[in-house]
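My notes follow in the order I looked things up.

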Amino acid sequence: RYWAETSVATFFNAVFGLALTDEKVLREEFSDFHKLVIQLGFELLVLNFKDLEVVCSQPIYLEFIDAGKMAFDEVALKERMKNMIAGTDSQLFAAILEKANRIQPRSKNQSSLQVRRVGIGDKALPFLPECLRQATNAYAQTVAQQFGSLLASKAGVVLLPYAKDGLNTKMALVFSDASAVQFKIPAATFAVDLDIKGFKRVLDKSTDAEALWIYGAFMGVRVYEPEFNGVYLDTPLKFGVPKVVPATQKSVDEFPIVSEALRGAFLSAIEQMQKDKKTNEKVLKKCAL
């Protein structure tokens, strides 16, 4: 289920909606200061209330990083979240303006694209927070959100919301007045499957003062047409990022590091989709906004 707000502006029997789909707070302690990472996922939706159908969506992924000598308590956390999402100077407002300028109702004959399946391999689990190891569907939602947001930004395509089980065609939206409505997610013309095979950490070099580690993300991406099972792109990808760990650092939160590596792999996947002539001509251009 998703929380949503709708705007008063309607067009072609459609309404803009904003749904919060993901929220994560990550903390890391160093020798003399604390690090905070806040990740929020949203869907900017065009909803057809007449037919109770999701017309299209634009994923929005926000990240805020802060550091200080004092631990971040709940008051500080709420203040930073409020700054991320409230007011005309917020990250969320800027993202909505950028997305809303491009989003438009999808015609009945227009092709659409959807992240349909996300697989999480066993070799990824040790690098995830405990809460996500116990709920891989929640992590799959985050993966789909991040990839979809990057794909929409880089390729400018019409997207449909990710369905967690790959077969569920309903999206339950809970509105601010506590009412709940089920919206149908139409069948996508084209689909993307993401296979997060795992993460790896390799020591590159070390001294008495610090160690340099390389964190790698390994994944596969498959672009295809579900109705006829025609495959346009099916390829493995990997991406690595360096991480310097001071000898005085008490602990390392590896999840933000592998998330950065995975983002690099996502960008590589999107670049391959754009460079592959068949995928670009037959899929991305047909799904362009």
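How much space lies in the largest cavity? I read about 70 Å³. This is a predicted model, where local features need pLDDT of at least 70, side-chain atom pairs count only at pLDDT 80 or more, and totals for chains, interfaces and linings use all residues. Residues are numbered from 1 along each chain as its sequence is written, and side-chain values use heavy atoms, with hydrogens and water left out.

**Cavities**

I took a cavity as a set of points, on a 1 Å grid over the protein atoms alone, where a 1.4 Å probe fits but cannot get out; lining residues have an atom within 4 Å of a point. Grid points are joined across faces, edges and corners, and the volume is the space filled by probe spheres set on the points. I got 2 cavities of 30 Å³ or more.

The lining of the largest cavity includes E43, S57, V115, Q145 and Y162. Helix 4 gives the most to this lining, with 3 residues. I noted helices (H or I, at least four residues) and strands (E, at least two) as DSSP runs, numbered from the N terminus. The lining divides into 7 nonpolar, 3 polar and 1 charged.

I found it lined by Q39, Y139, Q146, F255, S259 and L262. Helix 5 supplies the largest share of that lining, 3 residues.

**Cores**

Next I looked up the nonpolar cores: sets of buried Ala, Val, Leu, Ile, Met, Phe, Trp, Tyr and Cys residues joined through side-chain atoms within 4.5 Å. Buried means under 20% relative accessible area, exposed over 50%, partly exposed in between (1.4 Å probe, protein chains only). The largest core has 48 residues. L194 and L262 are among those with the most contacts inside it. Helix 5 gives the largest share of this core, 10 residues. A second, separate core of 15 residues includes L40, L44, I60 and F72.

I also checked L194 for contacts (heavy atoms within 4.5 Å). Its partners include V115, F147 and M219.

**Cysteines and S111**

I searched for disulfides (cysteine sulfur atoms within 2.5 Å) and found 0. C131 is exposed at 56% relative accessibility. C287 is buried at 0%. Among the residues S111 touches are C287 and K286. S111 itself is buried, at 14%.

Note on methods: 1 Å grid on protein atoms, 1.4 Å probe; cavity = no way out; pocket = protein on both sides within 12 Å on 5 of 7 lines; lining within 4 Å. Nonpolar A, V, L, I, M, F, W, Y, C, P; charged D, E, K, R; others polar. Lists of a residue's contacts leave out its neighbours within four places in sequence.
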